[in-house]
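This briefing sets out local geometry, packing and pairing for the model shown below. The points are grouped by topic.

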Amino acid sequence: ELARGNITRYSLWDSAVAADVCLAKTYPKILTMALAYNMQGTDTYKSAELLDSVRKSLDWMEKNKYGKSETTKKYTGNWWNWCIGAPLDITDILLLMQDDLTEEEIARYLAPVNHFTQTGGSLAEDELNSQWLYASRIKSALLSSDVKALSDIRDNVFANIKCVSSGDGFYPDGSYKAHGGTVYSFGYGSSTLFAAARNAAY
């Protein structure tokens, strides 16, 4: 249950945790709430109370953990949570809730997403991380009706999916290696192809 009342708190549900861990723990819960809110045939469908909780949760996170102030300083902890994990969750939440949020709210919540998915590009050299970044950028562009951004992403979705003869990447036999030559054909490999296909489908 979402904590309520005029109390000092460092996270919405869990005890005080590092900022990057808070992102990884909190946004999936808000996404679950957004899914429940949109699930027809359930008691939570279009629930005014649940909508209020989603909006307050997004607002608190933007003001305290992942908002404009965070874009002006170096993130702490695991870069993946800032640049990939949170943006993927937030853009899913906003797509689900866009009819019940104002344009101003959506713009506020997308601001750190757009910032960190751009700054994270230099860190995401492998195929899967790049596809995850593209996914967040695509959804952000859809929410913002940014046709140019969608066009630019479309032209680069498959840019770094190449066949290699050594190191990390896809091999002629269909295998995939990552993290220093470890075979991940049915892990990172299949996930990369699935993410790329989904991005292209947008």
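Helix H5 is followed by Ser145, whose phi is positive, near 55°; helices here are DSSP runs of H or I with at least four residues, strands are runs of E with at least two, and both are numbered from the N terminus. The model is predicted, so local features require pLDDT of at least 70 and side-chain atom pairs count only at pLDDT 80 or more, while totals for chains, interfaces and linings use all residues. Residues are numbered from 1 along each chain as its sequence is written, and side-chain values use heavy atoms, with hydrogens and water left out.

- Most residues other than glycine have a negative phi.
- Ser145, a residue other than glycine, has a positive phi near 55°, and its place is in the loop between H5 and helix H6 (147–154).
- Ser145 is exposed, with a relative accessible area of 62%; buried means under 20% relative accessible area, exposed over 50%, and partly exposed in between, with a 1.4 Å probe and protein chains only.
- Lys46 likewise has a positive phi, near 55°, and is found in the loop between helix H1 (19–37) and H2.
- At 39% relative accessibility, Lys46 counts as partly exposed.

**Helix H5 and Glu127**

- Helix H5 covers residues 127–144; its 18 residues reach 26 Å from the first C-alpha to the last, close to the 26 Å expected at 1.5 Å a residue. The expected span is defined as 1.5 Å times one less than the number of residues.
- Of the 18 residues in H5, 15 are buried, and the helix is mostly covered.
- Glu127 lies in H5 and is buried, with a relative accessible area of 7%.
- Leaving out residues up to four places away in sequence, Glu127 touches Asn160, Ile161, Gly169, Phe170, Tyr176 and Thr192, where contact means heavy atoms within 4.5 Å.
- Glu127 and Tyr188 are separated by 61 residues in sequence, and their C-alpha atoms are 8.6 Å apart.

- Three strands form an open antiparallel sheet in the order S1-S2-S3; two strands pair if DSSP finds at least two bridges between them.
- Strand S1 (169–170) and strand S3 (182–183) are the edge strands, each pairing on one side only.
- S1 pairs with strand S2 (residues 176–178) over two bridges in the antiparallel sense, and Lys177 in S2 is the bridge partner of Gly169.
- Helix H7 (residues 185–201) lies across S1, S2 and S3 and runs at about 105° to S2. Axes are lines fitted to C-alpha atoms, for helices over the stretch in contact, with angles from 0 to 180 degrees between N-to-C directions.

**Helix H2 and Val54**

- H2 has 17 residues and spans 24 Å from its first C-alpha to its last, close to the 24 Å expected at 1.5 Å a residue.
- Buried residues in H2 include Leu50, Leu51, Trp60 and Met61.
- Val54 lies in helix H2 (residues 48–64) and is buried, with a relative accessible area of 0%.
- Beyond its neighbours within four places in sequence, Val54 is in contact with Ile30, Met33, Ala34 and Met97.
- Val54 and Leu31 are 23 residues apart in sequence and 8.7 Å apart from C-alpha to C-alpha.

**Aromatic pairs**

- Eight aromatic pairs are found in the whole structure. Rings of Phe, Tyr and Trp (its six-membered ring) pair if their centres lie within 6.5 Å; planes under 30 degrees apart count as stacked, over 60 as edge-to-face and the rest as tilted.
- Trp80 and Trp132 form an edge-to-face pair, 5.4 Å centre to centre with 85° between the planes.
- This pair links Trp80 in helix H3 (residues 79–97) with Trp132 in helix H5, 52 residues apart; Trp80 is partly exposed, at 27% relative accessibility.
- The rings of Trp82 and Phe116 have centres 5.5 Å apart and planes at 45°, so the pair is tilted.
- Trp82 lies in helix H3 and Phe116 in helix H4 (residues 103–119), so the pair ties together parts 34 residues apart in sequence. Both Trp82 and Phe116 are buried.
- Ring pairs join Tyr27, Tyr66, Tyr75, Trp82 and Phe116 into a cluster.

**Cysteines**

- The whole structure contains zero disulfides, a disulfide being a pair of cysteine sulfur atoms within 2.5 Å.
- The closest cysteine sulfur to that of Cys22 is in Cys83, at 16 Å, too far for a bond.
- Cys22 is buried, with a relative accessible area of 1%, whereas Cys163 counts as exposed at 52% relative accessibility.
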